[in-house]
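Hello,

Here is the structure I said I would pass on. Please open it first, then read my notes below.

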Amino acid sequence: MTTRYAIRRFTVADAAIRAAIVGLVLGTAYIHSTLGGLLFTLNAAGYLVAALAIIAPIALASRFRWFIRIALAGYALTAIVAWAIMGPYYSTAYVAKGIEVALIALLIIDFVRFDGNPFAKVRAEIAGAIGIVQARRATAPSAA
């Protein structure tokens with residue numbers, strides 16, 4: 001059985017980037033957890049789950065790591081935009097937003113190193129899912 005996914009050797013640089021991503025995620029999660037309130041607590045919890053997902057040695061997490069990277073970058077971008085709209089604008093918030101910008105940059109670097117072009121990857125995954133659905137429809141018994 002062949003697979004369409006190439007196995008890539010995990011280098012020291014890859015480990016350093018992944019460790020930096022987890023460190024940044026944990027840093028912004030800590031900042032949000034100290035702010036109090038349900039919204040900040042849920043934001044911190046979301047970051048903690050993302051940190052676990054980015055390093056989980058589970059086959060399913062490894063297979064969909066590309067999606068986890070995109071989701072985490074979107075999560076950080078959403079936090080930045082929400083802060084820009086609602087505030088509050090104090091020094092710790094600027095530190096958290098700086099961490100999130102750096103996080104997004106590292107996620108892009110990690111994505112490109114492992115999966116190449118993000119748009120091509122998403123397009124290929126959607127095409128694969130459509131192919132699976134069409135194959136199942138073609139082999140399904142008709143309900144006549």
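Leu77 sits in helix 4. Please bear in mind that the model is predicted. Helix 4 covers residues 65–86 and gives the patch its largest share, four residues.

Next, look at helix 1, residues 12–33. Its 22 residues should span 32 Å at 1.5 Å a residue. The end C-alpha atoms are 31 Å apart, so the helix agrees with that expectation. Several of its residues are buried, including Ile17, Ile21, Val22, Val25 and Ala29. What covers them? The cover for the buried residues of helix 1 includes helix 2 (38–55), helix 4 and helix 5 (91–115).

In general, nonpolar side chains tend to be buried together in soluble globular proteins. Here the largest nonpolar core has 21 residues. Those touching the most other members are Ile21, Val25, Tyr47, Ile54, Leu72, Leu103 and Leu107. Helix 1, helix 2, helix 4 and helix 5 each supply at least two residues of this core. The largest share, six residues, is from helix 4.

Thr28 belongs to helix 1. It counts as buried because its relative accessibility is 0%. Leaving out residues up to four places away, Thr28 touches Tyr47, Ala96, Ile99 and Glu100.

Glu100 lies in helix 5. Glu100 too counts as buried, because its relative accessibility is 0%. Beyond its neighbours within four places in sequence, Glu100 is in contact with Thr28, His32, Tyr47, Ala76, Ala79 and Ile80. Glu100 and Gly27 are 73 residues apart in sequence, yet their C-alpha atoms are 9.4 Å apart in space.

**Salt bridges**

How many salt bridges are there? The count comes to seven.

Arg113 pairs with Asp14, with the closest N and O atoms 2.7 Å apart. This bridge links distant parts of the chain, as Arg113 is in helix 5 and Asp14 in helix 1, 99 residues apart. Arg113 is partly exposed, because its relative accessible area is 32%. Asp14 has a relative accessible area of 0%, so Asp14 is buried.

Arg18 pairs with Asp110, the closest N and O atoms being 3.2 Å apart. Again distant parts of the chain are linked: Arg18 in helix 1 and Asp110 in helix 5, 92 residues apart. Arg18 counts as buried at 10% relative accessibility, and Asp110 counts as buried at 0%. Both residues belong to a network of salt bridges that also links Arg69 and Asp115.

Lys121 and Glu125 form another bridge, with the closest N and O atoms 3.3 Å apart. Both lie in helix 6 (residues 118–139), four residues apart, about one turn of the helix. An α-helix has 3.6 residues a turn, so residues three or four places apart point the same way. Lys121 counts as buried at 13% relative accessibility. Glu125 is buried as well, with a relative accessible area of 11%.

Best wishes

Methods. Residues are numbered from 1 along each chain as its sequence is written. This is a predicted model: local features need pLDDT of at least 70, side-chain atom pairs count only at pLDDT 80 or more; totals for chains, interfaces and linings use all residues. Side-chain values use heavy atoms; hydrogens and water are left out. The expected span of a helix is 1.5 Å times one less than its number of residues. Buried means under 20% relative accessible area, exposed over 50%, partly exposed in between (1.4 Å probe, protein chains only). Contact means heavy atoms within 4.5 Å. A nonpolar core is a set of buried Ala, Val, Leu, Ile, Met, Phe, Trp, Tyr and Cys residues joined through side-chain atoms within 4.5 Å. A salt bridge is a side-chain nitrogen of Lys or Arg within 4 Å of a carboxyl oxygen of Asp or Glu.
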